[in-house]
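These are my notebook entries on one chain. I set down what I looked up and in what order.

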Amino acid sequence: MDKDKARTAAVKEENEKKKEYLKSYLRHVRRIHRINEEIREIRSMRASISLNNDGMPHGSGQEDLSGYAAELDDMERDLIQERYHRIRTYQDIAARIKRLSSENEKDVLFYRYIKGLDWWEIAEKMRYSERQVHRFHGKALAHIRLPENLKDVIECQ
């Protein structure tokens with residue numbers, strides 16, 4: 001009895017690690033959207049600061065402009081780096097999903113962790129009940145393999 005509980009706990013812990021790893025792609029997607037929005041906001045603030053009541057743009061000093069340019073440059077570098085991580089993560093996760101033998105398991109993982117769909121949306125796309133989709137998901141988690149260096153991969157992200 002205790003062995004069964006320990007085994008069940010180990011499987012749950014392993015599945016949580018797998019889900020966290022699979023979710024890492026969508027975290028990159030969200031970060032990219034957030035950085036893009038921050039860049040738009042900074043550009044918008046810069047444009048609104050330089051307007052006076054007469055509607056004409058006026059310089060407000062070289063220091064302001066250089067600080068703005070440096071901040072924008074840093075954010076654009078962050079964006080490039082995040083895009084790189086997104087691509088690498090996508091390639092790894094997609095390759096792991098493609099190694100699964102069941103098309104249903106592949107579909108569930110792709111729609112959930114790459115497209116970010118809700119369970120009901122996945123069920124609708126696959127034309128199965130949500131309950132069946134959850135079964136496919138459980139089987140897929142049992143079959144998918146994590147990277148050997150998962151700790152390094154998660155820390156990097």
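The entries below go from the fold to the cores, the rings and the charged pairs.

**Basis.** I worked with a predicted model, in which local features need pLDDT of at least 70 and side-chain atom pairs count only at pLDDT 80 or more, whereas totals for chains, interfaces and linings use all residues. Residues are numbered from 1 along each chain as its sequence is written, and side-chain values use heavy atoms, with hydrogens and water left out.

**Fold.** I looked up the secondary structure as DSSP runs, with helices (H or I) of at least four residues and strands (E) of at least two, numbered from the N terminus. The chain has six helices and zero strands, in the order α-α-α-α-α-α from the N terminus.

**Surface and contacts.** I took accessible areas from the Shrake-Rupley method with a 1.4 Å probe, where for residues only the protein chains shown count as cover. The chain exposes about 11,000 Å², and carbon and sulfur atoms hold 50% of that surface. I classed residues by relative accessible area (buried under 20%, exposed over 50%, partly exposed in between; 1.4 Å probe, protein chains only). Of the 157 residues, 30% are buried. I then looked up contacts (heavy atoms within 4.5 Å). Among those with a separation of 6 or more, 69% join residues 24 or more positions apart.

**Cores.** I searched for nonpolar cores, that is, sets of buried Ala, Val, Leu, Ile, Met, Phe, Trp, Tyr and Cys residues joined through side-chain atoms within 4.5 Å. The largest one has 15 residues, and Leu22, Tyr25, Ile93, Ile97, Leu109 and Ile144 have the most contacts inside it. Two or more residues of this core come from each of helix 1 (2-49), helix 2 (62-98), helix 3 (103-114) and helix 5 (130-143). Helix 1 gives the largest share, five residues. I also listed the neighbours of Ile144: leaving out residues up to four places away in sequence, Ile144 touches Lys18, Leu22, Arg96, Ile97, Leu100 and Leu109. A second, separate core has eight residues, among them Val108, Ala123, Met126 and Val133.

**Rings.** I paired rings of Phe, Tyr and Trp (its six-membered ring) with centres within 6.5 Å, counting planes under 30 degrees apart as stacked, over 60 as edge-to-face and the rest as tilted. The structure holds three such pairs. Tyr25 and Tyr90 form a tilted one, at 5.5 Å centre to centre and 55° between the planes. Tyr25 is in helix 1 and Tyr90 in helix 2, so this pair ties together parts 65 residues apart in sequence. Tyr25 is buried at 7% relative accessibility, while Tyr90 is partly exposed at 33%.

**Charged pairs.** I counted a salt bridge where a side-chain nitrogen of Lys or Arg lies within 4 Å of a carboxyl oxygen of Asp or Glu. The count is twelve. Arg43 and Glu76 form one, with the closest N and O atoms 2.7 Å apart; Arg43 in helix 1 and Glu76 in helix 2 are 33 residues apart, so I noted a link between distant parts of the chain. Asp92 and Arg96 meet at 2.8 Å, N to O, and are four residues apart in helix 2, about one helical turn. Arg96 is buried at 14%, whereas Asp92 is partly exposed at 25%. Lastly, salt bridges link Glu20, Lys23 and Arg27 in a network.
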